[in-house]
Amino acid sequence: MSENATTITETAGKEAGGRRKFSFGKAFRHYGTFGIFILLILVAQAQSDAFLTERNIMNVLRQMSGIGVMAIGMLFVILTRGIDLSVGSIAALGSVATAILVKDYPLPVALAMVVGLGAFCGLISGIFIALFRLPAFVITLAMMTGARGFALILSNGQPITLGAPGKALQTFGTSFTLGVPNPALLMIGLFALAFLVLNYSRFGRLVKAIGSNEEAVRLSGIPVPFYVLAVYVISGALAAVAGVLVTSRSGVGSASVGAGNELDVIAAVVIGGASLMGGRGGVINTFIGVMILGVIGNIMNLAGVPGYHQQVYLGVIIVAAVLIQNGSSLFRR
Amino acid sequence: MTALIQLQDITKSFAGIHALTNVDFDLQAGEVHALCGENGAGKSTLMRVLGGEMRPETGRTMMLGEELRLHGPTDAIRRGISVIHQEMALAPDLTVAENIFLGALPAGISWPKLRERARALIARLGFDIAPGDQVSDLSVAHQQVVEIAKALSRQARVIVFDEPTAVLSTGDARRLLQIIRDLKAEGVGIVYISHRLDEIYEIADRITVMKDGRRVDTVTPASTPVDQLIRMMVGRPLAQLFGDKPETRIGDEVLRLNGLTLPNGVRDVSFAIRSGEVVGLGGLVGSGRTEVARAIFGADPVSSGEMVLKGAPYRPRNPRQAVRRGVGLVPEDRKGQGIVLDMEIRKNATMANAAPVTIAGFFRPGAERGLVQRLIQSLRIKLGSMNDPVSSLSGGNQQKVVLAKWFNVDPGLIILDEPTRGVDVGAKTEIYTLIHRLAAEGKAVIVISSEHAELFGLCDRVLVMGEGELRGELLPPDYEEEKLLTLSMTRRQPRAAGGQA
């Protein structure tokens, strides 16, 4: 059962009503992300035999686990027509805090504190955005600088090793369950949870509705600021989780974790077909968006494209992906 | 003598509906020609044609005997035609001088010179506004002066004022009328649109009355008494749409307003409404009807006065508190405020009250479908599938989805703001039936409408608003459009409202 089930029934309903015909534009918007993904896999396979090996696939999944977890939070934020530029910095804060706190507290307590710290950062941004109605771009930009600075202060600018107390965490981060890296499993689990919340909960439904028509939601007696606040808290908490994941893999807490990641995360959500104007986007598509981003980097590495060139290609590919999804409006005129 | 402006045989339609039908209109230099009519009579549309903002399907515009072919508003301004709209078109963050010369700025700007010219223009109007002030800091009246100065800076020979005094205080309105007299003396031709008949009688040389997109007649104030003018504006046959109002039992008082005053110009509104009652809120657009509704619903702040809901003090700070106390609002702007257009019908219908179909915040899909199915049947919404987006429905059925949302909440007081705007005749009748049903179920219903026939057909009594005040109340024996318009448009205070209840 995928979220496209709703799409299918929608289309079926329309045909029954005899109102709409099949349209390429709609198909592109709903399935474009999948199409791009499959196309990329075909290209990758043609480029290198090493691509479709279990080892390589698991590698991509593990590499993208941090970005993926952050993309979930970013999706909720973008659905409300917002943006969160602070995720990379909150991940850094989470990474540093993990390395420090595991030494003083039992692991579950330490991790809860780290996630709480991320949620707290999101809460601060959310208060300014939802209650004082300041622009999300500016507020989260400030949080991006502030959280990174805080991480640098806490770590004194030095990487902090997890050491013996963090052994269990590092074991988790570097081992596999049923052949899948644990961080990737966690990411997939969170995606599944997000899928349920977005499609079956009142919260998810209202988040989407707010991005589509905030005033109509407000005039239905819904406390809109609460929901807007909540998405930033979720985004902050998930960014901290991403920081934990990175640290669990490397065994080091560092204030340089996640630098520039906010842009990759936004790119993944947008490649997944979400609209920055709010109200449009899905969990599965976002997952595919994350994977597309991962596969692109992976292909270019396998094909031996130099790092600097990769960035240029990535830019081109992002534009291409968004163009394809918005094909409907382009073809109309 | 050749007319300064002559509009000949103008026809303009939107989506097949005639907004203007064969309208003739002329304006002499040095004349004030007033344009009257109800909301939607076509006054503003006609002026959009004159201002080059719209091109009519047929007809032509002559200026001093020569045909004008206008390519947009800029072209009209260049030819000396300025239209000052109800909503002013100033850039709030720019200075007075910048606004006046906006669009006509020389390539190399000399700011001191520009300010000097701005000051001179404003002085000519008899005002003293610093050209360096930011427009957003000015009062509405002064903003209006800037608009007029802007028109003068373009050597306007024709200036159209579209309800200029609607937002002005009495003193400022007087000064504006003086400006208009001065402009007239300088030979400018002026078109004056207003709902204030006393002003029109004071200033106009001729009056053209419009109704339903047609010109009814052009008269002079001297030869036409006010009541005759109002009769020309109304008099449309009353459509038989309303069905029979079922017998409802009028019960206890649900809501009482005492001296409700709002920051947006609504003053001292008091009335009460009881359960089972359908009360109309009439008056022209901008008379404060919507503002009162939004304040009752907690959507806009209240500055003073008190409200009592079901015997307890009531002062909602947001719509949520209003909904919790059992108040619902069907807003006038359906697409912007009533529904989430891109979202499924099903999700819109349960938005305001999901509790019956959720467990721990998650929807029970079967229960939700059942609930929505019952609502669809009960309200007779015509649709393909409840999973279609609301945007796939006709206007009438979209409105029924908004109603379904509130039927699902089951509030004790429901306010419907223009419930049948953009709704076809068939769906209108069904919506009227639903409104009667709400009353029969013992709800208190407030209906706001610009269609007077609708108010008279639906309501037990009609409260009439004008310029932010409650001007009076009409009971069924007095249900005539003339009486409603007279109450709304004139300043006299015939009798106090809300006496009963």
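B:K310 counts as partly exposed, at 48% relative accessibility. In this predicted model, B:K310 sits in the loop between strand 14 (304-309) and strand 15 (312-314) of chain B. B:K310 is not a glycine, yet its phi is positive, about 45 degrees.

**Backbone with positive phi**

- Most residues other than glycine have a negative phi.
- B:D410 is another non-glycine residue with a positive phi, about 60 degrees.
- The loop that holds B:D410 runs between helix 14 (395-409) and strand 19 of chain B.
- B:D410 is partly exposed, because its relative accessibility is 47%.

**Domains of chain B**

- Chain B is assigned three domains: domain 1 (5-233), domain 2 (241-326 + 412-501) and domain 3 (340-410).
- The centres of domain 2 and domain 3 of chain B, taken over C-alpha atoms, lie 26 Å apart.
- In the contact between these two domains of chain B, 17 residues of domain 2 meet 13 residues of domain 3.
- About 1200 Å² is buried between domain 2 and domain 3 of chain B, with 65% of this area on carbon and sulfur atoms.
- Of the area that domain 2 of chain B buries against domain 3 of chain B, 35% comes from B:E430, B:L434 and B:R437, more than from any other three residues.
- The interface of domain 2 and domain 3 of chain B holds 3 salt bridges and 4 residue pairs in polar contact, both residues of a pair being at pLDDT 80 or more.
- On the side of domain 2 of chain B that touches domain 3 of chain B, strand 19 (413-417) and helix 15 (425-440) of chain B each supply at least two residues.
- Helix 15 of chain B gives the most to that side of domain 2, with 6 residues.
- By residue class, that side of domain 2 of chain B comprises 10 nonpolar, 3 polar and 4 charged residues.
- B:E430 is paired with B:K382 in a salt bridge, with the closest N and O atoms 3.5 Å apart.
- B:R437 forms a salt bridge with B:E441, where the closest N and O atoms are 3.7 Å apart.
- B:R437 is partly exposed at a relative accessible area of 29%, and B:E441 is partly exposed at 43%.

**Contact between chain A and chain B**

- The contact involves 28 residues of chain A and 36 residues of chain B.
- Chain A and chain B bury about 2600 Å² between them, and carbon and sulfur atoms give 57% of this area.
- A:R202, A:R205 and A:L219 account for 28% of the area that chain A buries against chain B, more than any other three residues.
- There are 2 salt bridges between chain A and chain B.
- B:R294 and A:E215 form a salt bridge, their closest N and O atoms being 3.7 Å apart.
- Residue pairs in polar contact across the interface of chain A and chain B number 11, with both residues at pLDDT 80 or more.
- Helix 1 (4-17), helix 8 (182-200) and helix 9 (202-218) of chain A each supply at least two residues to the side of chain A that touches chain B.
- Helix 9 of chain A gives the most to that side, with 12 residues.
- The side of chain A that touches chain B has 11 nonpolar, 8 polar and 9 charged residues.

**Other salt bridges in chain B**

- Over all chains, the whole structure has 41 salt bridges.
- B:E202 and B:R174 meet through their side chains in a salt bridge (2.3 Å, N to O).
- B:E202 lies in helix 7 (residues 197-203) and B:R174 in helix 6 (residues 170-185) of chain B, so this pair ties together parts that are 28 residues apart in sequence.
- B:E202 is partly exposed, with a relative accessible area of 38%, and B:R174 is partly exposed, with 42%.
- A salt bridge also joins the side chains of B:E277 and B:R461 (2.8 Å, N to O).
- B:E277 lies in the loop between strand 12 (269-274) and strand 13 (278-282) of chain B and B:R461 in strand 21 (residues 461-466), so the pair ties together parts that are 184 residues apart in sequence.
- B:E277 is buried at a relative accessible area of 3%, and B:R461 is buried at 1% relative accessibility.
- A network of salt bridges links B:R196, B:E199, B:R267, B:E467, B:E469 and B:R471.

Conventions: Residues numbered from 1 in each chain as written. Chains lettered and ligands numbered in written order. Predicted model: local features only at pLDDT ≥ 70, side-chain atom pairs only at ≥ 80, totals over all residues. Heavy atoms only, no water. Domains from an automatic or database assignment. Contact = heavy atoms within 4.5 Å. Buried area = accessible area lost by both parts, 1.4 Å probe. Salt bridge = Lys/Arg side-chain N within 4 Å of Asp/Glu carboxyl O. Polar contact = N/O pair within 3.5 Å; in protein donor to acceptor, adjacent residues only side chain to side chain. Helix = DSSP H or I, 4+ residues; strand = E, 2+ residues; numbered from the N terminus. Nonpolar A, V, L, I, M, F, W, Y, C, P; charged D, E, K, R; others polar. Buried < 20%, exposed > 50% of the residue type's maximum accessible area, 1.4 Å probe, protein only.
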